[in-house]
Amino acid sequence: MSIEVKSLFNNIWQNYLDVTPSAQKIHQLLGSGNDVINDHVAYRTFNIKKVGIEKLAQHLIALGYTECGEYHFEAKKLYAKHFEHADTTLPKVFISELLVEEFSEQAQAIIHRIVDSIDEAVIASDEFLYSGKQWDISYQEYQTLLAESEYAAWLSAWGYRANHFTVSINHLANYNDIESVNQALKDAGFALNATGGEIKGNEEVKLEQSSTMADKASVAFSDQTIEIPSCFYEFAKRYPLENGELYTGFVAASADKIFESTNVAA
Ligand code: OOG
Ligand code: NI
C-alpha cells in the first residue's frame with residue numbers, strides 16, 4: 001500500500017481521535033493491541049458543487065479509489081456514494097451529502113454562508129479530509145439547523161473530518177460475530193446505538209452493523225463553547241456472495257439508522 005494513502009488515513013484517524021477518545025479505547029479492546037482493519041470511513045457534506053461528494057472523492061480517486069455504489073435517504077434528505085480501493089485492506093469510504101435545497105430558506109442561508117466562506121485552496125488540499133470546521137457559526141445557528149436536520153447541525157459544528165471509522169469484524173482475531181463484539185463493548189461501558197435494534201442488517205443482506213453513540217466534545221461556536229455529540233465508532237461484519245467474495249456495498253435501510261448515532265441523547 002502506498003505511503004501516501006497510509007499517511008492520509010493516519011492523519012484522518014488522529015483528527016478523529018481528537019474528538020472521539022472512546023475510539024482509542026475500543027481499538028485497544030477489540031484489537032487486543034494489534035492493528036485493526038477498517039471496513040470503512042464515513043464523511044458528511046452538502047450537495048453544493050463547491051463541497052459536494054465529488055470534491056471529497058477527488059482526493060481518494062487520486063490515490064486509486066473508484067466510485068462503486070449510490071444510496072438515497074429520502075426522509076433524511078441525503079444522497080450518498082461509496083468508494084473502494086483495489087487494495088482491500090484499505091477502508092472503503094462512504095460519503096453522503098445533504099440535499100440543501102429541500103430545507104427552509106433560513107437553514108439554506110446558514111449553509112450557503114458557511115460554504116461560501118470556505119477557502120478553495122483548503123478544499124483542493126489533501127488536508128481537506130481532516131480540516132474540521134473552517135468557519136464561524138453561532139450556537140443559535142446550530143440550533144436552527146438542528147431543528148430541521150441533525151445531520152446539517154453536526155456538519156456545521158464539526159466540518160470535514162471522519163464521522164466514524166468502522167472495525168472490520170471479519171478481520172478481528174479475538175471476535176467472530178457482531179453479538180460478541182456488542183457484548184464486549186457494553187461490558188466495557190460503551191453505549192450502543194439501539195435505533196431499530198443494536199444490530200442493523202443480517203446475513204441475508206450480507207452486512208451486519210452496529211455502532212456506539214457518539215462521544216461528546218467541545219465546539220467553539222462564535223458566541224460560546226458547548227459540548228455536543230462528536231463522532232462514533234462502527235462495527236461491521238460482511239458475508240460472502242454466491243461467488244465466494246465478501247459483499248462490499250452498503251445497505252440503505254441500515255445506514256439510515258447508523259446516521260442516528262450522532263443524535264443528542266434524549
Ligand atoms: C453515515 C451513516 C451510514 C453505514 O455504514 O451505513 C454508514 C453517517 O452517519 O454519516 O456509515
Ligand atoms: Ni458506516
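**Note on the predicted model: helices, ligand shell and selected residues**

1. Start with the cover over helix H2. The buried residues of H2 are covered by elements that include helix H1 (3-19), strand S5 (164-168), helix H8 (178-187) and strand S10 (232-238). Cover here rests on contact, meaning C-beta atoms, placed from the backbone, within 7 Å of each other. Helices (H or I, at least four residues) and strands (E, at least two) are DSSP runs, numbered from the N terminus.

2. A word on the model and its numbering. This is a predicted model, in which local features need pLDDT of at least 70, side-chain atom pairs count only at pLDDT 80 or more, and totals for chains, interfaces and linings use all residues. Residues are numbered from 1 along each chain as its sequence is written, while chains are lettered from A and ligands numbered from 1 in the order in which they are written.

3. Which residues of H2 are buried? They are Ser 22, Ala 23, Ile 26 and Leu 30. Viewed down the axis of H2, these buried residues fall within an arc of 95°, so they line one face of the helix. The arc is taken from the directions that run from the helix axis to the C-beta atoms. Exposed Pro 21 and Gln 28 sit on the face of H2 turned away from the buried side. Buried means 20 or more other C-beta atoms within 10 Å of the residue's own, exposed means 12 or fewer, and partly exposed is in between; C-beta atoms are placed from the backbone. As background, an α-helix has 3.6 residues a turn, so residues three or four places apart point the same way.

4. Check the backbone at Ser 32. This residue comes just after H2, in the loop between helix H2 (21-31) and S1. Most residues other than glycine have a negative phi. Ser 32 is exposed, with 11 other C-beta atoms within 10 Å.

5. Lys 77 belongs to the loop between strand S2 (65-73) and strand S3 (78-85). It counts as partly exposed, with 19 C-beta neighbours inside 10 Å.

6. Helix H7 (residues 150-158) is mostly covered, with eight of its nine residues buried. The buried set is Tyr 151, Ala 152, Ala 153, Trp 154, Leu 155, Ser 156, Ala 157 and Trp 158. Just after H7, Gly 159 takes a positive phi of about 70°.

7. How do H6 and H7 run relative to each other, parallel or antiparallel? The axes of helix H6 (residues 139-148) and H7 come within 6 Å and cross at roughly 150°. H6 and H7 are therefore roughly antiparallel to each other. On the H6 side the contact uses Tyr 142, Leu 145, Leu 146 and Glu 148; on the H7 side, Glu 150, Ala 152, Ala 153, Ser 156 and Ala 157. These contact residues divide into six nonpolar, one polar and two charged. Axes are lines fitted to C-alpha atoms, for helices over the stretch in contact, with angles from 0 to 180 degrees between N-to-C directions. Angles under 35 degrees count as roughly parallel, over 145 as roughly antiparallel, 65 to 115 as roughly perpendicular and the rest as oblique.

8. Now the ligand. Around ligand 1 are Ala 42, Arg 44, Phe 94, Ser 96, Asn 163, Gln 209, Glu 234, Phe 250, Ser 254, Ala 255, Ile 258 and Phe 259. Two or more residues each come from strand S1 (38-46), strand S4 (92-98) and helix H9 (252-258). H9 gives the largest share, three residues. A residue joins the shell if its C-beta atom, placed from the backbone, lies within 6 Å of the ligand. By class, the shell has six nonpolar, four polar and two charged residues. Ala, Val, Leu, Ile, Met, Phe, Trp, Tyr, Cys and Pro count as nonpolar, Asp, Glu, Lys and Arg as charged, and the others, Gly among them, as polar.

9. Ser 254 lies in helix H9 and belongs to the shell around ligand 1. It is partly exposed, with 19 other C-beta atoms within 10 Å. Not counting residues up to four places away in sequence, Ser 254 touches Lys 200, Gly 201, Leu 207 and Gln 209.

10. Finally, Glu 208 lies in strand S7 (residues 207-211). It counts as buried, with 22 C-beta neighbours inside 10 Å. Leaving aside neighbours within four places in sequence, Glu 208 is in contact with Ile 178, Ile 199, Gly 201, Asn 202 and Lys 237.

Notes. Two residues are in contact if their C-beta atoms, placed from the backbone, lie within 7 Å.
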